[in-house]
Amino acid sequence: MGGPIENLRFFQGPVLAIETSCDETSAAVVYGRKVLSSIVSSQVDLHKKWGGIVPEAAARAHLEAILPAVETAIEESGIGKSDIQAVAVCNRPGLVGALSVGVTAAKTLAYSRRLPLIGVHHLEGHILSVLASEEEIPFPHICLTVSGGHTEIVRVHGPMRYEIVGQTLDDAAGEAFDKGARLLGLGYPGGKAIQEQATQGNPKRYRLPRGLSGDTLNFSFSGLKTAILRLVEREGEQLSIADAAASIQEAIASVLAERAMKAADLLGAEALTLVGGVAANLRLREFLSKGCQKAGLPFYTPPPAFCTDNAAMIGIVGSLRLGAGYGDGYDMDVLPNAPLP
Ligand code: KG4
Ligand code: ZN
């Protein structure tokens, strides 16, 4: 299936969407690809003190935040509760306790009004988050998905037709940013902190590894973490945090951009898209927009609010899948480790 997205059939009616797979409690109302409201309640402050996500604490926080998020999403959508015609929820993959909160809420809301229910894969949500903008996205395209849990180059043959052509063999790109930030004493989450420090720094000051070399579309970031640790130990008081941050950002962003451009070139693509939390990184955006401009390839990336975890992207995929005739029962499972459909 090629061609523009406008040829697609979305579910006809407002869909309530829920996303609780990690550390954002999110609810949204969408109509097809149109986002009527999007509420995201972040747990960053909660997890900051531990320097990372604590699964039990995440599940408890979702439990407190989910119903207010749903109420607010419906209120802000401008439609009544009874106008909701279906429910979409991220049921895979993710933290089992966190996913269960969203899925239980979605099942209850759907069952109470006997509405259609659809479970959505988190990665498919990120991949199609580009549809939240008004642009027409051509197929096939190459999608670079980069977040705290994912680093994949996906060949998107059409909506609902995906092929992973490259991925990380160890840490995700966001994890690499977060670990680098922790080693520099910049706190959690680290991507934004590294980017801020990097604006004042020299990216060529410290030589850091780019992971796998040669003819590959895969990534490896574990060597980078070790190299940063050695750098911090070696330089001690002399370490320039800004230069180290700039060097880390350059190492991660350059390898991500280089492989994504290579995939587009090797596999043939009508466009390149950049999604996921790390898509907020300005250096990565710059690398890819310049690379695509040079290659004459359209480049799309969602507004930052739709790059990080959000329920709107789950709603868009849910609408698309319901429109295509898919649906789940009220006994739908939570699947913490499911592959991309
Ligand atoms: O998509 P997301 O919100 O959650 C997951 O699905 O993981 O991504 C969160 C990740 C974190 O690792 C965070 O450090 C990273 O995205 N991130 C960034 C930036 N903003 C967020 N990384 C680099 N530069 C940024 N500006
Ligand atoms: Zn995500």
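Tutor: Let us begin with a definition: a charge sits over a ring if NZ of Lys or CZ of Arg is within 6 Å of the ring centre and within 35 degrees of the ring normal. This is a predicted model, in which local features need pLDDT of at least 70 and side-chain atom pairs count only at pLDDT 80 or more, whereas totals for chains, interfaces and linings use all residues. Residues are numbered from 1 along each chain as its sequence is written, chains are lettered from A and ligands numbered from 1 in the order in which they are written, and side-chain values use heavy atoms, with hydrogens and water left out.

Student: Which ring does the charged end of Arg321 sit over?

Tutor: The charged end of Arg321 sits over the ring of Tyr326, 4.8 Å from its centre.

Student: Why is the pair of Tyr111 and Tyr330 called edge-to-face?

Tutor: Rings of Phe, Tyr and Trp (its six-membered ring) pair if their centres lie within 6.5 Å, and planes under 30 degrees apart count as stacked, over 60 as edge-to-face and the rest as tilted. The centres of Tyr111 and Tyr330 are 5.3 Å apart and their planes stand at 80°, so the pair is edge-to-face.

Student: What makes the pair of Phe219 and Phe221 stacked?

Tutor: Their ring centres lie 6.0 Å apart with the planes at 10°, so this pair is stacked.

Student: Why does Tyr111 count as partly exposed?

Tutor: Buried means under 20% relative accessible area, exposed over 50%, and partly exposed in between (1.4 Å probe, protein chains only). Tyr111 has 44% relative accessibility, so it counts as partly exposed, and Tyr330, at 32%, counts as partly exposed too.
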